[in-house]
Amino acid sequence: QVQLVESGGGLVQPGGSLRLSCAASGILFRINAMGWYRKAPGRQRALVARITSGGTTVYAASVKGRFTISRDNAKNTVYLQMNSLKPEDTAVYFCYVQARPRSYSNIATSWGQGTQVTVSS
């Protein structure tokens, strides 16, 4: 079983920055992709960014150039550096991990509990 603990959300003014962290623990044979989704009120959950085990990244068009995803494989942790934040970035941010708990397990997706990011003056 994989547990994800997120941190780093909060209230920030437009143009400000936040850094989200998500640490995975538990039974983990191998982690493949890690990433972040967000859900704003009245909207569907949407991919923000993802990073593969090899470091390949994908970003939503709305955050490209402002957000940076990274990971520390030794710590099983994924980060999301968010700069030049806008009010439309306000949402609950969820991290996810696609991992194989044991060598013989199928790859499964685990989700964090979500952290609120509010961008407002």
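This is a predicted model: local features need pLDDT of at least 70, side-chain atom pairs count only at pLDDT 80 or more; totals for chains, interfaces and linings use all residues.
**Whole chain**

Start with the protein chain in cartoon view. Look for strands: there are eleven of them, and zero helices. Trace the elements from the N terminus and the order reads β-β-β-β-β-β-β-β-β-β-β.

Now show the C-alpha trace. Along its principal axes it spans about 50 × 25 × 25 Å.

**Inside and surface**

Colour by burial next. Of the 121 residues, 38% count as buried. Then turn to contacts with a separation of 6 or more: residues 24 or more positions apart account for 56% of them.

The protein chain exposes about 6,400 Å². Carbon and sulfur atoms supply 47% of that area.

Select the charged side chains. You will find 14 positive and 4 negative ones. The centres of the two sets lie 8 Å apart.

**Q13**

Zoom in on Q13. Where does it sit? Q13 is in the loop between β2 (10-12) and β3 (18-26). Is Q13 buried or exposed? Its relative accessible area is 54%, and over 50% counts as exposed, so Q13 is exposed.

Select the contacts of Q13 next, leaving out residues up to four places away in sequence. Q13 touches V119 and S120.

Q13 and S70 are 57 residues apart along the chain. Their C-alpha atoms are separated by 23 Å.

Key: Residues are numbered from 1 along each chain as its sequence is written. Side-chain values use heavy atoms; hydrogens and water are left out. Helices (H or I, at least four residues) and strands (E, at least two) are DSSP runs, numbered from the N terminus. Buried means under 20% relative accessible area, exposed over 50%, partly exposed in between (1.4 Å probe, protein chains only). Contact means heavy atoms within 4.5 Å. Accessible areas come from the Shrake-Rupley method with a 1.4 Å probe; for residues, only the protein chains shown count as cover. Lys and Arg count as positive and Asp and Glu as negative; His and the chain ends are not counted. The place of a charge is taken as NZ of Lys, CZ of Arg, CG of Asp or CD of Glu.
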